[in-house]
Amino acid sequence: IEAIFYILLKLHIHWLQSKDPLEASLSAAPMLELQERRELWTRMMECEKDDLASFVAGWFFDADVETISESDVYEFGAWSMFEGRNLEHLTRSELDQLRGFVKELEWRI
């Protein structure tokens, strides 16, 4: 019975992943090193330096920047910059880097 349950569970997981190919591709994405992530962040900030507020608002379906909470920015930053992971799955050095990104973002806006 356990073997049947295991097989059915694996088939169900495979079916769920086929329904959302983006999620499946994120699980296979290569993880960036801290320096590579820093370079990517710097390039993003340079490209969007003229209208950073609307760039950030676009992440949240054009919500007013004043209505976006810091925790929302942290969650989105973790998802977008750290291979789709949640905050609780980041290492200490990755969390420190994310804090730096959010502080820089606040300063630039």
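Which residues line the largest cavity? In this predicted model, the lining of the largest cavity is made by W41, W59, V73, G77, M81, L98, F101, V102 and L105.

## The cavity

When the whole structure is searched, 1 cavity of 30 Å³ or more is found, and the space in the largest cavity amounts to about 50 Å³. Sorted by class, its lining consists of 8 nonpolar residues and 1 polar residue, with no charged residues.

Two helices, α5 (70-81) and α6, each contribute at least two residues to the lining of the largest cavity. Of the elements involved, α6 gives the most, with 4 residues.

## Helix α5 against helix α6

The two helices that each supply at least two lining residues also pack against each other, for the axes of α5 and α6 come within 10 Å and cross at roughly 125°. Because of this angle, α5 counts as oblique to α6, and the crossing in which α5 passes α6 is right-handed.

On the α5 side the meeting residues are E70, V73, Y74, G77, A78 and M81, while on the α6 side they are L98, R99, F101, V102, L105 and E106. By class, the residues of this contact of α5 with α6 divide into 8 nonpolar, 1 polar and 3 charged. Several names return from the cavity lining, among them V73, G77 and M81 of α5, as well as L98, F101, V102 and L105 of α6.

## Helix α3 against helix α6

Helix α6, which covers residues 92-108, packs with helix α3, residues 34-47, as well, and here the angle is about 15° with the axes 11 Å apart. An angle under 35 degrees counts as roughly parallel, and therefore α3 is described as roughly parallel to α6. The crossing of α3 and α6 is right-handed.

From α3, the residues L34, R37, R38, W41, M45 and E46 take part in the contact, and from α6 the partners are S93, E94, Q97, F101, E104, L105 and R108. Divided by class, the contact of α3 with α6 holds 5 nonpolar, 2 polar and 6 charged residues.

Technical notes. Residues numbered from 1 in each chain as written. Predicted model: local features only at pLDDT ≥ 70, side-chain atom pairs only at ≥ 80, totals over all residues. Heavy atoms only, no water. Axes fitted to C-alpha atoms, helices over the stretch in contact; angles between N-to-C directions. Parallel < 35°, antiparallel > 145°, perpendicular 65-115°, else oblique. Left-handed = near helix turned anticlockwise from the far one by under 90°. Contact = heavy atoms within 4.5 Å. Nonpolar A, V, L, I, M, F, W, Y, C, P; charged D, E, K, R; others polar. 1 Å grid on protein atoms, 1.4 Å probe; cavity = no way out; pocket = protein on both sides within 12 Å on 5 of 7 lines; lining within 4 Å. Points joined across faces, edges and corners; volume = space filled by probe spheres on them.
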